[in-house]
Amino acid sequence: MVSVLPLRLRGATLHRRGALRVGPVDLTLAAGGATAVIGPNGAGKTSLLRMMHGLERAAGTLEWAVPEPQARLAQAHVAQRATALRRSVQANLAYPLRLRGAPRAEARRRATAQAARFGLAHLLDQPAPSLSGGEMQRLALARALILEPEILFADEPCAALDGAATREVEAHLRETVEGGTTLVLATHDMGQARRLADRVVFLLRGRVHEAGPAAAFFAGPATPEARAFLRGDIVE
Amino acid sequence: MGDFLAGLAEAGRLVATLDPDLVEITLRSLRVTLTAVAIGCALGLPLGAWLAVRRFRFRRAVIAALNALIGLPPVVVGLAVYLLLSRDGPLGVLGLLFTPTAMIVAQVVIVTPLVASIAHQAMRDLWADYHDLLISLNATRSQRVATLLWDGRRALLTAGLAGFGRAIGEVGAIMIVGGNIDGATRVLTTAIALETGRGDFALALGLGLILVALSLVVSGTTHWILRTERAGRW
């Protein structure tokens, strides 16, 4: 299969209701590994992910290695506040497969297997809206990954989770990356970025302020703003 | 008070003896209304969901028109359908005037905007919730509509029942296009109007009570089938 990556952004800009959310961004996203998108609140982390995933229409150039309709099929997105379809856990997991035309029986079988992998096997018949925060986040991740995407956009997947749930979600993310999926992770948790990321994109006021390998970035950021941000200062 | 008690007694007698006229009228009422509601739902529910999902130029105008059509006076609908189906009208050759089919046509016109409008409002809220996920999963437009209809089925039940409520109690339109012909197009509401006019209040009241009971039974049965009120469901 031809890879959808690299993704190239040139002057990509996202406006919503007249206000600039993010951009212009010039960025190339290569295949493999995990990229952490970090930066202060309001820097445009969520908007950058939404723009790259195509949830909102961007101005400028956003170019996948394959034509856009084909590229759409290879991506998945986990939102900060995951949406539960008003169905059972199993039906939630089977849903993406059904959309792509998988027969009901096969979709159910794969949903059951996926639930087992994500520790949701005992919840199969429960209505998804009744899950706890941690369970819901695992379900959202399992649902996003059931189509085996080439690239996963995860927007603060652990924002509202306790330590144990965070550890589980991170383990799944790590496993996903090891399985060959490219991860783009927006996070405000520097510990998480250090634990998971190979590359870092530091956003400030809607623009890429600094980008590079994670090890080098955390060892010695090039810009004073990034240094201040890592120190824990308030950066605007 | 005397009329009311007599009405109760008459209703009891009609039901207890399974009065053949009553059974016939009731079944016709149900047939006309349920058919009209079924057609109204088949048109209105997807239309409501489609209006929630689709963004197009005259969307707001269509929704405003739909909401205005809820207030459409049934008598005017009846008149319009009458003119359409009358012998000189454009559809006169079909010979449908003064038949149950004509009554169904009129009721479909009355019910569809109501069903579509309620469905649209419910679907709009659900769509706000589902939007990002369905876009992310690359659902096609018809898949989005199907998902909204299925996951919002409880709200759509309310839309269907509102349509049923409007249709089963409607007199003006079906009186005009049906003609209240004994044994052919007489239904509960037109029979009540007729008996009241003739001064037979007991019979009218009896029919009225049966009409109310019918509404309750239909609404109760539908809820029971879809298990709306059960705990742990949504």
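Predicted model: local features only at pLDDT ≥ 70, side-chain atom pairs only at ≥ 80, totals over all residues.
Residues are numbered from 1 along each chain as its sequence is written, chains are lettered from A and ligands numbered from 1 in the order in which they are written, and side-chain values use heavy atoms, with hydrogens and water left out.

Chain B contains 10 helices and 0 strands, where helices (H or I, at least four residues) and strands (E, at least two) are DSSP runs numbered from the N terminus. The C-alpha trace of chain B extends over about 65 × 50 × 25 Å along its principal axes.

Two packed helices are described by the angle between their axes and the distance between the axes. Here, axes are lines fitted to C-alpha atoms, for helices over the stretch in contact, and angles run from 0 to 180 degrees between N-to-C directions. Helix 2 (residues 20-53) of chain B packs against helix 7 (residues 153-168) of chain B at about 140°, the axes lying 9 Å apart. The two helices are therefore oblique to each other; angles under 35 degrees count as roughly parallel, over 145 as roughly antiparallel, 65 to 115 as roughly perpendicular and the rest as oblique. Helix 2 of chain B passes helix 7 of chain B in a right-handed crossing, that is, with the near helix turned clockwise from the far one by less than a right angle. Residues of helix 2 in this contact (heavy atoms within 4.5 Å) include B:L30, B:V37 and B:L45, and those of helix 7 include B:L156, B:G160 and B:F164. By class, the contact of helix 2 with helix 7 has 10 nonpolar, 4 polar and no charged residues; Ala, Val, Leu, Ile, Met, Phe, Trp, Tyr, Cys and Pro count as nonpolar, Asp, Glu, Lys and Arg as charged, and the others, Gly among them, as polar.

Helix 2 of chain B also packs with helix 5 (residues 100-136) of chain B, at an angle of about 35° and with the axes 5 Å apart. The residues of this contact divide into 22 nonpolar, 8 polar and 2 charged.

At the interface, 17 residues of chain B contact 20 residues of chain A. The count of salt bridges between the chains is 2, each being a side-chain nitrogen of Lys or Arg within 4 Å of a carboxyl oxygen of Asp or Glu. A:R87 and B:D151 form a salt bridge at 2.6 Å, N to O.

Regarding the backbone, the peptide bond from A:L5 to A:P6 is cis, with omega near 5°. B:F98, although not a glycine, has a positive phi of about 65°.
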